Amino acid sequence: MQTSSAPTPRRAKDARQQRVHEAVRVLVREQGVLVSMDAVAARAGCSKQTLYARYGSKQALLLQVLSEDSR
């Protein structure tokens with residue numbers, strides 16, 4: 001049996017989500033909640049289109065990250 005070191009789609013998605021959430025945390029600390037989706041995308045290494053496709057809006061993204069941090 002051969003194992004692959006390539007990330008599975010699920011792990012890649014989880015890693016991207018972690019990068020996005022960490023980018024939001026850092027940027028909110030630096031700039032407050034007026035952070036732009038462009039800044040989040042640049043810091044996370046993804047496109048703004050990806051962010052909107054995944055989260056729908058900046059408000060939804062911020063709410064998800066903040067609710068995750070309050071657990």
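## Surface and overall build

The accessible surface of the protein comes to about 5,000 Å², and 52% of that area belongs to carbon and sulfur atoms, with areas taken from the Shrake-Rupley method using a 1.4 Å probe. This is a predicted model, in which local features need pLDDT of at least 70 and side-chain atom pairs count only at pLDDT 80 or more, while totals for chains, interfaces and linings use all residues. Residues are numbered from 1 along each chain as its sequence is written, and side-chain values use heavy atoms, with hydrogens and water left out.

The protein has 4 helices and 0 strands, where helices are DSSP runs of H or I with at least four residues and strands are runs of E with at least two, numbered from the N terminus. Buried residues, meaning those under 20% relative accessible area (1.4 Å probe, protein chains only), make up 28% of the 71 residues.

## The residue H21

H21 is found in helix α1, which covers residues 9–31, and H21 is buried, with a relative accessible area of 2%. Leaving aside residues up to four places away in sequence, H21 touches Y55, L61, Q64, V65 and E68, a contact being heavy atoms within 4.5 Å.

## Helices around the lining

Helix α1 and helix α3 (48–55) each supply at least two residues of the lining of the largest cavity. On a 1 Å grid over the protein atoms alone, a cavity is a set of points where a 1.4 Å probe fits but cannot get out, and lining residues have an atom within 4 Å of a point. The lining includes V20 and Y55.

Conventions. Buried < 20%, exposed > 50% of the residue type's maximum accessible area, 1.4 Å probe, protein only. 1 Å grid on protein atoms, 1.4 Å probe; cavity = no way out; pocket = protein on both sides within 12 Å on 5 of 7 lines; lining within 4 Å.
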